[in-house]
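Reader: Please present the model, and then let us discuss its charged contacts, its open spaces and its surface.

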Amino acid sequence: AFAYDDNTTSAGDFSLILPLGTYAVSVCPKATDLLVAQEFTNVSVTGTTSLGTLVLVAGVELHGTVLNASGQPAAGVDVDVLHATTGVQIPTCNDNTNASGVYSVVVPTGTWDVRFQRTAAGGPAGVDLHDNVVVSGTTLLDGQLPPHASGNSYGGPIGDGGSR
């Protein structure tokens with residue numbers, strides 16, 4: 001559900017009016033705050049509901065540029081960051097590349113698998129996976145989508161969903 005006026009106050013408080021139901025709540029801090037996003041699933045709203053105090057952990061910037069198979073900037077590529085051991089995805093907000101192929105996400109320090117994935121109607125259209133990326137501070141990681149045998153405009157093979 002779209003929640004109007006869902007930003008926090010200067011004190012960090014927020015309040016929403018929602019229909020009764022079960023929701024996934026995403027907390028997306030400003031990138032300049034260098035705080036890691038959080039997601040809460042199965043939040044049941046049966047009346048006035050408090051999530052309590054939500055503490056966001058400090059993070060660092062992971063950024064770079066993603067190119068298509070021809071070496072041109074790839075816009076709209078989804079950037080996913082996964083725990084290198086468990087494969088659990090780390091929440092990131094606004095994680096698609098811009099028109100220049102540039103992305104920037106805030107992640108906790110650690111060792112991550114980073115997946116650049118361009119999708120097309122009907123399924124994945126290209127994946128570039130970087131395993132065991134050590135992030136201990138601001139980290140630059142560029143990517144390049146693989147070529148497609150037929151040379152589609154997505155820069156990657158259709159049906160290649162990666163290993164995760």
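This is a predicted model: local features need pLDDT of at least 70, side-chain atom pairs count only at pLDDT 80 or more; totals for chains, interfaces and linings use all residues.

Author: Residues are numbered from 1 along each chain as its sequence is written, and side-chain values use heavy atoms, with hydrogens and water left out.

Reader: Which side chains meet in a salt bridge?

Author: A salt bridge is a side-chain nitrogen of Lys or Arg within 4 Å of a carboxyl oxygen of Asp or Glu. By this rule the count is 1 salt bridge. With an N to O distance of 3.0 Å, the partners are Asp80 and Arg115.

Reader: How many residues apart in sequence are the parts that this pair ties together?

Author: Strands (E, at least two residues) are DSSP runs, numbered from the N terminus. Asp80 belongs to strand E4 (residues 78-83) and Arg115 to strand E7 (residues 110-120), so the pair ties together parts whose separation in sequence is 35 residues.

Reader: Which strand gives the largest share of the lining of the largest pocket?

Author: On a 1 Å grid over the protein atoms alone, a pocket is an open set of points where a 1.4 Å probe fits, with protein on both sides within 12 Å along at least five of seven lines; lining residues have an atom within 4 Å of a point. The largest pocket holds about 1,200 Å³ of space and is lined by 33 residues, with Asp6, Phe14, Leu16, Val25 and Val27 nearest its centre. Strand E1 (21-27) and strand E2 (38-45) are the elements that give two or more residues to this lining. The largest share, 5 residues, comes from E1.

Reader: About how much space lies in the second largest pocket?

Author: The second largest pocket is lined by 13 residues, including Pro29, Ala31 and Cys93. Its volume, the space filled by probe spheres set on the grid points, is about 190 Å³.

Reader: What is the relative accessible area of Phe14?

Author: Phe14 is among the residues nearest the centre of the largest pocket, and lies in the segment before E1. Phe14 is partly exposed, with a relative accessible area of 36%.

Note on methods. Helices (H or I, at least four residues) and strands (E, at least two) are DSSP runs, numbered from the N terminus. Buried means under 20% relative accessible area, exposed over 50%, partly exposed in between (1.4 Å probe, protein chains only).
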